[in-house]
Amino acid sequence: MELAEIVDVKELQRVQDLFSQATGMAAVTVDLNGNFVTKPSNFTDFCMKYTRESPVGAQRCAKCDAEGKGAYFCHAGLMDFAEPIIIDGVQYGNALGGQVLPREPDLEQFRQVARELGVPENEYIAALKKVNVRPEESIRAAAGLLQELIRNMVMLRIASESGSGMSVLEEEIEGMLDRSRDISSKTHDLKKVSTQQKLLSINAAIEAGRAGDAGKGFRIVANQMGELAESSTDIYETIMTDSEEIRASVKRLEATFKKWSM
């Protein structure tokens, strides 16, 4: 089955565009035959108008396209990436992109490239100055992120259409929600105990005060009990907040998965 027949192309385009906006990197998704599944996002004139339109540049780019895997340096000095979309051992296409610099460019080096490609040096340098600069580790991480995003979209679509996987996913989501509710319930019970403990510490402090000097030691213990109860209440509140945030996140995931499965 072709990638364009599996994935929601409109949704994939939206995700890809957001990726390019967030990272400043070019991106496009292609099938196994190299046909565009999405429209290119954030492609640069430096690569498309100048480098690839030069006969020499086109030849060098074709060699890079054929040999490049993962995040790699292209012949012109930029970094590109080619990440396969593989589900259960089956490849459906590739996430391609990059067209960014891993460091500030050496202008003389790129002037030399322009001379080799036979393109106007000043125009080439002007286009180069519009290319985004990103640390190499960020480029590699971003390439892996786009690959994983597309892979998950394809995987969820395959699971929903086959009728398998989605029910298991829904069960896991419901299980996480149950555990979150259980945490909230137990935390609520513990908070009640903390409140009772605080009341007892107040009563104990009052009785210690009535006992005068004989109750000094007991008063210290009562104060410590009160501080412990107060600290415990803060901790329980934090747990409750975290539990609610987890539940909200799971609910958002559930809504997203259901949307993709429609």
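Among contacts in the protein chain (heavy atoms within 4.5 Å) between residues at least 6 apart in sequence, 62% join residues at least 24 apart. Please keep in mind that this is a predicted model, in which local features need pLDDT of at least 70, side-chain atom pairs count only at pLDDT 80 or more, and totals for chains, interfaces and linings use all residues. Residues are numbered from 1 along each chain as its sequence is written, and side-chain values use heavy atoms, with hydrogens and water left out.

**The chain as a whole**

The protein chain holds 9 helices and 4 strands; helices (H or I, at least four residues) and strands (E, at least two) are DSSP runs, numbered from the N terminus. Read from the N terminus, the order is α-α-β-α-α-β-β-β-α-α-α-α-α. Of the 262 residues, 39% count as buried, where buried means under 20% relative accessible area, exposed over 50%, and partly exposed in between (1.4 Å probe, protein chains only).

**The sheet**

The 4 strands form an open sheet in the order β1-β4-β3-β2, with antiparallel pairing; two strands pair if DSSP finds at least two bridges between them. β1 and β2 (70-73) stand at the edges with a single partner strand each, so one side of each has no neighbour in the sheet. From one strand to the next, the twist averages 20 degrees. Helix α2 (residues 9-23) packs on the sheet, where it touches β1 and β3, and its direction makes about 150 degrees with that of β1. For such angles, axes are lines fitted to C-alpha atoms, for helices over the stretch in contact, and angles run from 0 to 180 degrees between N-to-C directions.

Let us look at β1 itself. It pairs with β4 in the antiparallel sense over 6 bridges; V30 stands opposite N94 in β4, and A27 stands opposite G97 in β4. In a regular strand the side chains alternate between the two faces of the sheet. In β1 both faces are covered, with A26, V28 and V30 buried on one side and A27, T29 and D31 buried on the other. Since 6 of the 6 residues of β1 are buried, the strand is largely enclosed by the rest of the structure.

**The largest pocket**

The largest pocket has a volume of about 570 Å³. Of its 30 lining residues, R52, D65, Y72, F81 and L96 are the closest to its centre. Two or more lining residues come from each of β1 (26-31), α3 (45-51), α4 (55-67), β3 (79-87) and β4 (90-100); β4 gives the most, with 5 residues. On a 1 Å grid over the protein atoms alone, a pocket is an open set of points where a 1.4 Å probe fits, with protein on both sides within 12 Å along at least five of seven lines, and lining residues have an atom within 4 Å of a point. Grid points are joined across faces, edges and corners, and a volume is the space filled by probe spheres set on the points.

**Two positive phi values**

N42 and D88 have positive phi although neither is a glycine.

| Residue | Phi | Place | Relative accessible area |

**The start of the chain**

E2 lies in the segment before α1 (3-6) and is partly exposed, at 37% relative accessible area. E2 and L32 are 30 residues apart in sequence and 8.3 Å apart in space, C-alpha to C-alpha.
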